[in-house]
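Work through the exercises below with the model open. Try each task before reading its solution.

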Amino acid sequence: MIEEHAKIVQFIGAADGITGRKKLQKMIYIAKKLQYPYKEKYEFHFYGPYSEELTLRVEELCNMGFLQEERQDKGSYVQYKYQMTDAGEHFTQMAQVPAATRDLVACINQMKDKSSRFLELVSTLLYFDYLPKEEQIEKLHVVKGKLNFTNEEIEDAFTFVMNLMNERAIQ
């Protein structure tokens, strides 16, 4: 259990911080779907795959001082930014979590550069990855119809996933 907490701290540290709770949820989910060793359980929720377990872990890690949560008031909404603290870095060392691999760091950095909306699209498609591509797209339009994803965005999402999978395979 401590190892799972430490992997989350390490993930956020490797990203040099993550802005947005939804973005963090989607990034961990996508990494998990790419066979990186994250064990959080996910269910489908309003914004796509969501892990209550991850939410609780992050809250615990903040309470223990291993992560810093910065609340940013954006007027009509509040955004949260997560950073690994010095205590968090020490925690990952004490938990003896292996260093993040080059391919995981590359994956994290590519995801970090994407919008939460795009990661919601990618994670939703991955949630239905047991279906043929056409059925994944149909399912996406059913569960995410209000977001009006374009064909170009959907193709970009599939390309993004293939690129991440190829990089993972090469390493």
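**Exercise 1: the two sides of a helix**

On one side of α4, Asp86 and Met94 are exposed, where exposed means over 50% relative accessible area, buried under 20% and partly exposed in between (1.4 Å probe, protein chains only). This is a predicted model: local features need pLDDT of at least 70, side-chain atom pairs count only at pLDDT 80 or more, and totals for chains, interfaces and linings use all residues. Residues are numbered from 1 along each chain as its sequence is written, and side-chain values use heavy atoms, with hydrogens and water left out.

Task: Which residues in helix α4 are buried, and what covers them?

Solution. 
1. Helix α4 spans residues 86–94. Helices are DSSP runs (H or I, at least four residues), as are strands (E, at least two), numbered from the N terminus.
2. Gly88, Phe91 and Thr92 are buried.
3. They lie on the same side of α4, because they cover an arc of only 95 degrees around the axis. The arc is taken from the directions from the helix axis to the C-beta atoms.
4. The cover includes α1, α3 and β5. Contact here means heavy atoms within 4.5 Å.

**Exercise 2: aromatic pairs**

Task: How is the pair of Tyr29 and Tyr127 arranged?

Solution. 
1. The whole structure holds nine aromatic pairs. Rings of Phe, Tyr and Trp (its six-membered ring) pair if their centres lie within 6.5 Å; planes under 30 degrees apart count as stacked, over 60 as edge-to-face and the rest as tilted.
2. Tyr29 and Tyr127 are 6.3 Å apart centre to centre, with 35 degrees between the planes: tilted.
3. Tyr29 is in helix α2 and Tyr127 in helix α6, 98 residues apart.
4. Tyr29, at 5% relative accessibility, counts as buried. Tyr127, at 25%, counts as partly exposed.
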